[in-house]
Amino acid sequence: MGIYEELQARGLIAQVTDEPQIRELVNNGKAKFYIGFDCTADSLTAGHFMALTLMKRLQMAGNKPIALIGGGTTMIGDPSGRTDMRKMLTKEDIDHNAECFKRQMEKFIEFGEDKAMMINNADWLLNLNYVDMLREVGACFSVNNMLRAECYKQRMEKGLSFLEFNYMIMQSYDFYYLFKNYDCNLQFGGDDQWSNMLGGTELIRRKLGKDANAMTITLLTDSQGKKMGKTAGNAVWLDPAKTSPYEFYQYWRNVGDADVMKCIRMLTFLSLETIEEMEHWEDNRINEKKEILAYELTKLVHGEDEAVKAQQAARALFSGGAAADAPACELTSADFTDGKISILELLIKTQQAPSKGEARRLVDQGGVFVGDEKVGSISVFYTADEINGQLIRKGKKSFKKIIIKD
């Protein structure tokens, strides 16, 4: 079985431009491919997992990845999958985010001479003269076709800015530039990027008279069709300072029963033979499957030591283990007002609720505990002495131990 057939078996391939040609390229290690990452935050998220693991799989099969950091395209903002315009970031913010991305990608991809490349599209996009670019590529794009693209159609009702309208042209130009200057013959991206990717292949054909290919990756969605990678309204980050290894482990440990095998197949590096065997396990082993998923992904992102610690902490807590096993949240005197802190603020600071509104809902529904006591009112306040060393629990599976630092 070649790597293309493995990607098919794992359910990763959504759309392709020329299947026989792409199959031949990747199975024979001849693909020099790119995936773009816009720098909209200072950390990659669980939503980037599909792209990162795909790059790793293809590199292991002898192909050469190009990780394209979107220092230029982030200045515009991709309208795909959005109901509103993205927040405009400064160049300084984007540069900082790009550096953060690089450090995280190195855990998945081996960079170096004749291995993988990391390139920033700011290097060419930010130096373009607008009139020159219009003359060079503008005639290659049909406005009628662009407006039919799914990434634009879903924005037309609420309003599509001309700023965002240019995004497809910029992404297409990236592929054209990489094809011409780096011999990049293949682009991968999420299924929602199909229109933008076809724009690139068409631009290459019209400007250079050559063929390039594109393939989209299946979006990671749950059994209700919602994108996975968020919890309590917040992204699940790959940066341990934003989402701790324990919280990361817990996210995957708590995926729905209907989604666990799909996640194992699409995201882990377990062999297809092992996965096929797991498919036939009895229903009473579902929690074992979830533990395997959570452990494998935490190991991939945070290393084996952190994966073991997260797993041990989760097992100890769920079996009534000591609070010492819980992930800690440190507070200082600055977190208290007049020597006290409210339960709503406490839930936000421990990242168990994204807002006071959500915290209030959790308390009202009886799902919040401090120690062994259920919190019965949103008006409860605690002193540092009362809360120090206590375990804050949301529902049955989210724990944080409060540590007061002087």
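# Helix packing around α15 and selected residues

Pro245, Phe248, Tyr249, Trp252 and Arg253 of helix α12 meet Asn287, Lys290, Glu291, Leu293, Ala294, Tyr295, Leu297, Thr298, Val301 and His302 of helix α15, where contact means heavy atoms within 4.5 Å. The model is predicted, so that local features need pLDDT of at least 70 and side-chain atom pairs count only at pLDDT 80 or more, whereas totals for chains, interfaces and linings use all residues. Residues are numbered from 1 along each chain as its sequence is written, and side-chain values use heavy atoms, with hydrogens and water left out.

Helices (H or I, at least four residues) and strands (E, at least two) are DSSP runs, numbered from the N terminus. Two packed helices are described by the angle between their axes and the distance between the axes. Axes are lines fitted to C-alpha atoms, for helices over the stretch in contact, and angles run from 0 to 180 degrees between N-to-C directions. For α12 (residues 245–253) and α15, the axes come within 8 Å and cross at roughly 145°. This crossing of α12 and α15 is right-handed; a crossing is right-handed if the near helix is turned clockwise from the far one by less than a right angle, and left-handed if anticlockwise. By class, the contact of α12 with α15 comprises nine nonpolar, three polar and three charged residues. Here Ala, Val, Leu, Ile, Met, Phe, Trp, Tyr, Cys and Pro count as nonpolar, Asp, Glu, Lys and Arg as charged, and the others, Gly among them, as polar.

Helix α15 (residues 286–302) also packs against helix α13 (residues 260–267), their axes coming within 10 Å and crossing at roughly 30°. The two helices α13 and α15 are therefore roughly parallel to each other, a term for angles under 35 degrees, while those over 145 count as roughly antiparallel, 65 to 115 as roughly perpendicular and the rest as oblique. In this case α13 passes α15 in a left-handed crossing. On the α13 side the contact is made by Val260, Met261, Cys263, Ile264 and Leu267, and on the α15 side by Ile286, Lys289, Lys290, Leu293, Leu297 and Leu300. Nine nonpolar, no polar and two charged residues form the contact of α13 with α15.

Helix α13 has a further partner in helix α14 (residues 272–279): the axes of α13 and α14 come within 10 Å and cross at roughly 175°. Helices α13 and α14 are therefore roughly antiparallel to each other. Met261, Ile264 and Arg265 of α13 make this contact with Ile275, Met278 and Glu279 of α14. The residues of the contact of α13 with α14 fall into four nonpolar, no polar and two charged.

Buried means under 20% relative accessible area, exposed over 50%, and partly exposed in between (1.4 Å probe, protein chains only). Leaving aside neighbours within four places in sequence, tryptophan 252 is in contact with Ala46, Phe49, Leu220, Met228, Cys263, Leu267, Lys290, Leu293, Ala294 and Leu297.

Two aspartates in loops follow. Aspartate 114 is found in the loop between α4 (91–105) and β4 (117–120), and its phi is near 65°, a positive value in a residue other than glycine. With a relative accessible area of 60%, aspartate 114 is exposed. Aspartate 183 lies in the loop between α10 (167–182) and β5 (186–190), and its phi, near 55°, is likewise a positive value in a residue other than glycine. Aspartate 183 counts as exposed at 59% relative accessibility.

Finally, threonine 383 lies in strand β13 (residues 381–383) and counts as partly exposed at 24% relative accessibility. Neighbours within four places in sequence aside, threonine 383 is in contact with Phe336, Gly339 and Lys340.
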